[in-house]
Amino acid sequence: MAADEMLTIIMSWADEQSHRGRLVRAFQSDMGHDPVLQAQRLAMLGIHAEKQAKRKAGLALV
């Protein structure tokens, strides 16, 4: 999966009332204005994307 596709999927979670939805909203708003926090949020979102890819056939992070 290309990076732009992965980011599109991750950003689509912003409307969810879930942990990953809150992470996306915090990432988009740059809550805290801390580059380390932003990197941690992006890493956590990557983990969520990987979990989703493993659950769904056809969505591969290759």
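## Nonpolar core

The largest nonpolar core has seven residues: Ile10, Trp13, Ala14, Leu23, Val24, Leu45 and Ala49. Such a core is a set of buried Ala, Val, Leu, Ile, Met, Phe, Trp, Tyr and Cys residues joined through side-chain atoms within 4.5 Å. At least two residues of this core come from each of α2 and α3.

## Model and conventions

The model is predicted, with local features needing pLDDT of at least 70 and side-chain atom pairs counting only at pLDDT 80 or more, while totals for chains, interfaces and linings use all residues. Residues are numbered from 1 along each chain as its sequence is written, and side-chain values use heavy atoms, leaving out hydrogens and water.

## Fold and surface

The protein chain holds three helices and zero strands, in the order α-α-α from the N terminus. Helices (H or I, at least four residues) and strands (E, at least two) are DSSP runs, numbered from the N terminus.

Of the 62 residues in the protein chain, 27% are buried, meaning under 20% relative accessible area with a 1.4 Å probe, protein chains only. The accessible surface (Shrake-Rupley method, 1.4 Å probe) is about 4,200 Å², and 61% of this surface belongs to carbon and sulfur atoms. Among contacts (heavy atoms within 4.5 Å) between residues at least 6 apart in sequence, 39% join residues at least 24 apart.

## Helix α2

Helix α2 spans residues 19-29, and its buried residues are Arg20, Gly21, Leu23, Val24 and Ala26. Their cover includes α1 (3-11) and α3 (35-55). Just after α2, Asp30 has a positive phi of about 55°.

Methods: Buried means under 20% relative accessible area, exposed over 50%, partly exposed in between (1.4 Å probe, protein chains only).
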